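Thanks for coming. I will go through some side-chain contacts today, salt bridges and then aromatic pairs.

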Amino acid sequence: METPRFRLAPRHRVIIHNDDVTPMDFVVDVLTRIFALATNRAVEVMWEAHNNGCAHVVTEPLERAEFHVDQAKSLARGRGYPLSF
């Protein structure tokens, strides 16, 4: 008898891009609230994006990544910020 094989959903990297408009404290807030990063990790990601132009936020299944990115963009657009992922 053959045992069933389970395949995990492919995982995708979410990358945040730096811009000259979105305030740093707002970026940290988005990373903690939407992506559930610890505050110290969110600050590290924010600084990496600020210094290097982009930074890895999380790696997760595509549907979840798209959902989180959509939430983050909606929050940013609601405040008039061009934050992008």
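Glu44 and Arg41 meet through their side chains in a salt bridge, 3.2 Å from N to O; the term means a side-chain nitrogen of Lys or Arg within 4 Å of a carboxyl oxygen of Asp or Glu. This is a predicted model, where local features need pLDDT of at least 70 and side-chain atom pairs count only at pLDDT 80 or more, while totals for chains, interfaces and linings use all residues. Residues are numbered from 1 along each chain as its sequence is written, and side-chain values use heavy atoms, leaving out hydrogens and water.

Glu44 and Arg41 are three residues apart in helix H2, so about one helical turn separates them. Helices here are DSSP runs of H or I, at least four residues, numbered from the N terminus. Glu44 is partly exposed at 46% relative accessibility, and Arg41 is partly exposed at 31%. Buried means under 20% relative accessible area, exposed over 50%, and partly exposed in between, with a 1.4 Å probe and protein chains only.

How many salt bridges are there in the whole structure? The search finds three. Asp29 pairs with Arg33, with the closest N and O atoms 2.9 Å apart. Arg64 and Glu60 are bridged at 3.4 Å, N to O, and Glu60 is buried at 8%.

Now the rings. Phe26 and Tyr81 form a tilted aromatic pair, 4.9 Å centre to centre with 55° between the planes. Rings of Phe, Tyr and Trp (its six-membered ring) pair if their centres lie within 6.5 Å; planes under 30 degrees apart are stacked, over 60 edge-to-face, the rest tilted. Phe26 is buried at 5%, whereas Tyr81 is partly exposed at 22%.

Methods
Helix = DSSP H or I, 4+ residues; strand = E, 2+ residues; numbered from the N terminus.
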